[in-house]
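Trainee: I have a model open on my screen and would like to learn how to read it. Can you walk me through it?

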Amino acid sequence: MLSLDAGLGSGMSLYELVAADVDLLDRTAGGVYEDARLNGVLRGLKPVERQVLFALAEGEGTTWTEAAAVTGAADPQKLGERVRRKAKRLAAEQRRRTALRCGEGLR
């Protein structure tokens with residue numbers, strides 16, 4: 001289990017990827033999370049990108065670059081920055097879709 005407070009750097013946390021009413025990320029045996037929005041973000045990441053996100057969330061690195069280095073990336077700075085931007089973009093898209101479903105985008 002990962003806490004939603006797990007920092008992902010640049011003021012972003014796992015909390016940014018999922019709803020505010022979820023306290024913990026419960027991972028099933030198959031690696032799927034109970035929150036569909038988080039699964040949507042994770043599906044948008046390549047396997048190595050997910051490894052970087054998980055390494056950062058689990059505290060294996062304090063920056064995206066360090067987390068990418070933990071995964072054995074040849075260019076950790078480049079990979080870390082790519083994953084940071086991509087995760088942020090995917091999270092914003094999930095929030096946009098949620099707002100549309102809730103009718104907030106129909107004004």
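**Reading the fold and its helix packing**

Mentor: Start with contacts, meaning heavy atoms within 4.5 Å. Among contacts in the protein between residues at least 6 apart in sequence, 39% join residues at least 24 apart. Keep in mind that this is a predicted model, where local features need pLDDT of at least 70, side-chain atom pairs count only at pLDDT 80 or more, and totals for chains, interfaces and linings use all residues. Residues are numbered from 1 along each chain as its sequence is written, and side-chain values use heavy atoms, with hydrogens and water left out.

Trainee: Which pattern does the protein follow along the sequence?

Mentor: Helices (H or I, at least four residues) and strands (E, at least two) are DSSP runs, numbered from the N terminus. Here the order is β-β-α-α-α-α, giving four helices and two strands.

Trainee: How do I read burial, and what share of the 107 residues is buried?

Mentor: Buried means under 20% relative accessible area, exposed over 50%, and partly exposed in between, with a 1.4 Å probe and protein chains only. In this protein, 37% of the 107 residues are buried. Helix α2 (residues 47–57) has several, including Glu49, Leu53 and Phe54. After α2 comes Gly59, with a positive phi near 80 degrees.

Trainee: Lys86 sits in helix α4. Is Lys86 buried or exposed?

Mentor: Buried, because its relative accessibility is 15%. Leaving out residues up to four places away in sequence, Lys86 touches Gly44, Leu45, Lys46 and Glu49.

Trainee: And how do I describe two packed helices?

Mentor: Two packed helices are described by the angle between their axes and the distance between the axes. The axes are lines fitted to C-alpha atoms, for helices over the stretch in contact, and angles run from 0 to 180 degrees between N-to-C directions. Helix α1 (residues 36–43) packs on α4 at about 140 degrees, with the axes 9 Å apart.

Trainee: Why are α1 and α4 called oblique?

Mentor: Angles under 35 degrees count as roughly parallel, over 145 as roughly antiparallel, 65 to 115 as roughly perpendicular and the rest as oblique. At about 140 degrees, α1 and α4 are therefore oblique to each other. Arg37, Gly40 and Val41 of α1 meet Leu90, Ala91, Gln94 and Thr98 of α4.

Trainee: What about Gln94 in that contact?

Mentor: Gln94 belongs to helix α4 (residues 76–101) and is buried, at 13% relative accessible area. Neighbours within four places in sequence aside, Gln94 contacts Arg37, Gly40 and Val41.
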